[in-house]
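Please read them with the structure open.

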Amino acid sequence: MSQDSAAPETGRKLSGRRRREVVAVMLFSGGPIFESSIPLSVFGIDRQDAGVPRYRLLVCAGEDGPLRTTGGLELSAPYGLEAISRAGTVVVPAWRSITSPPPAEALDALRRAHEEGARIVGLCTGAFVLAAAGLLDGRPATTHWMYAPTLAKRYPSVHVDPRELFVDDGDVLTSAGTAAGIDLCLHIVRTDHGTEAAGALARRLVVPPRRTGGQERYLDRSLPEEIGADPLAEVVAWALEHLHEQFDVETLAARAYMSRRTFDRRFRSLTGSAPLQWLITQRVLQAQRLLETSDYSVDEVAGRCGFRSPVALRGHFRRQLGSSPAAYRAAYRARRPQGEGASAMSDAVVPPQGSHGGPGGHGPGLRRPTAGAAAGMGGGEPGKPHMDALTSGRATLPGQRSAP
């Protein structure tokens with residue numbers, strides 16, 4: 001359930017010594033300090049003078065300490081896992097590694113808390129801990145967009161939605177990365193105590209009380225590293241080399257010797273997203289780079305990114321980034337030092353407008369490497385892009401409109 005929907009009623013009662021106003025935060029060694037500090041600040045500071053009802057905070061070590069965090073700092077939690085038995089809400093703000101299993105004792109404590117009616121919350125990579133405990137099976141969930149494909153692949157029974165800032169499924173809630181943890185914590189306060197209390201807290205934190213939209217505009221839908229060993233990587237490599245052409249998902253499915261249905265299912269299992277939307281997004285990302293680094297007109301950018309028409313580019317660009325291509329370029333250049341921008345184009349390898357391998361009014365296609373990645377292709381197998389092209393990050397977006 002998305003942030004804009006009403007939270008479902010859980011219908012579960014707290015058992016034992018658990019109290020609704022008690023919030024336990026489970027910390028692990030190696031967790032980033034920013035995400036870890038969010039629930040501590042929201043639920044651990046007395047702001048009754050501002051009209052924010054008070055919670056009782058229990059900071060619990062999810063494993064033996066000391067707990068090391070960002071910058072080599074060491075934390076000492078005042079409580080252990082036994083204190084979670086008193087909490088009506090349990091928050092896991094982060095986990096140190098998306099490929100490592102969390103401690104069994106911590107997972108047992110989360111399962112027990114859920115069985116006894118507690119609300120379980122996972123912020124950012126904390127969703128991986130909830131998934132490892134089996135609490136996300138058959139449920140909608142989200143996490144940082146960068147880790148959503150891995151969450152979907154490692155836990156196929158979880159319905160991962162990388163577009164949402166947070167997902168409220170009643171007694172289990174998850175958020176996207178970093179600042180989205182603040183959005184979810186404000187949502188919890190709003191659910192518990194109403195709009196006025198959440199608004200007062202937001203003013204103290206100097207953040208919007210409710211952000212609209214999701215994390216889709218921040219997404220870089222490059223493929224996870226694990227795809228490198230999958231046969232589908234060869235099809236992706238071909239697509240990356242032919243992004244300037246008009247081809248559709250059927251073309252890619254044919255190259256993979258799969259039916260469209262099988263290809264869609266296989267692609268989703270690897271990436272956590274549907275191939276058509278993924279492909280369209282890659283073309284938009286490439287259009288961003290050309291708008292930032294070249295003097296091509298919008299019509300020329302559309303052709304060089306495989307869109308059938310500038311109208312198709314403008315529509316997809318605005319839906320994903322909230323701006324027209326021309327306005328995006330103007331805002332980007334207004335924030336760049338004089339002389340930068342188009343000069344970067346000298347290092348980029350941008351194919352000319354080529355053959356049109358298939359229909360597709362959307363002009364879906366796959367992302368190709370950034371200028372730096374393109375220049376480094378020689379290190380890979382001839383005829384294929386270097387694997388960095390599959391995992392390189394998107395460019396900084398100084399002209400991008402932020403969420404309201």
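1. Is Thr178 buried, partly exposed or exposed? Thr178 counts as partly exposed, because its relative accessibility is 32%. The classes used throughout are buried for under 20% relative accessible area, exposed for over 50%, and partly exposed in between, with a 1.4 Å probe and protein chains only. Thr178 is found in the loop between β10 (172-175) and α5. Although Thr178 is not a glycine, its phi is positive, at about 50°.

2. On conventions: this is a predicted model, in which local features need pLDDT of at least 70 and side-chain atom pairs count only at pLDDT 80 or more, while totals for chains, interfaces and linings use all residues. Residues are numbered from 1 along each chain as its sequence is written, and side-chain values use heavy atoms, with hydrogens and water left out. Helices (H or I, at least four residues) and strands (E, at least two) are DSSP runs numbered from the N terminus.

3. Val206 is another non-glycine residue with a positive phi, here of about 60°. Val206 sits in the loop between α6 (195-205) and α7 (232-241). With 71% relative accessibility, Val206 counts as exposed.

4. Turning to charged pairs, side chains of opposite charge can pair when their charged atoms come close. A salt bridge is taken as a side-chain nitrogen of Lys or Arg within 4 Å of a carboxyl oxygen of Asp or Glu. The whole structure contains 14 salt bridges. The pair of Arg96 and Glu63 is one of them, and its closest N and O atoms are 2.5 Å apart. This pair links distant parts of the chain, 33 residues apart: Arg96 is in the loop between β5 (87-92) and α2 (104-115), and Glu63 in the loop between β2 (56-61) and β3 (67-68). Arg96 is partly exposed, at 38% relative accessibility.

5. Arg119 and Asp192 also form a salt bridge, with 2.9 Å between the closest N and O atoms. The two residues are 73 apart in the chain, Arg119 in strand β6 (residues 119-122) and Asp192 in helix α5 (residues 180-193), and the pair links distant parts of the chain. Arg119 is buried, with a relative accessible area of 12%, whereas Asp192 is partly exposed at 31%.

6. Arg260 and Glu250 meet in a salt bridge through their side chains, at 2.5 Å from N to O. Arg260 belongs to helix α9 (residues 260-271) and Glu250 to helix α8 (residues 249-255), so the pair ties together parts that are ten residues apart in sequence. Both partners are worth checking for cover: Arg260 is partly exposed at 28% relative accessibility, and Glu250 is partly exposed with a relative accessible area of 41%. Elsewhere, salt bridges with shared partners join Arg139, Asp169 and Asp171 into one network.

7. Which rings pair, and how? Rings of Phe, Tyr and Trp (its six-membered ring) pair if their centres lie within 6.5 Å; planes under 30 degrees apart count as stacked, over 60 as edge-to-face and the rest as tilted. The count by this rule is five aromatic pairs. Phe317 and Tyr328 are edge-to-face, because their ring centres are 5.5 Å apart and their planes stand at 75°. Phe317 lies in helix α12 (residues 310-321) and Tyr328 in helix α13 (residues 325-334), so the pair ties together parts that are eleven residues apart in sequence. Phe317 and Tyr328 are both buried.

8. Tyr328 also pairs with Tyr332, in a stacked arrangement at 6.5 Å centre to centre and 20° between the planes. About one helical turn separates Tyr328 and Tyr332, because they are four residues apart in helix α13. Tyr328 is buried at a relative accessible area of 1%, and Tyr332 is buried at 6%. Phe317, Tyr328 and Tyr332 form one aromatic cluster.

9. Arg283 lies over the face of Phe247, 4.9 Å from the ring centre. The criterion is NZ of Lys or CZ of Arg within 6 Å of the ring centre and within 35 degrees of the ring normal.
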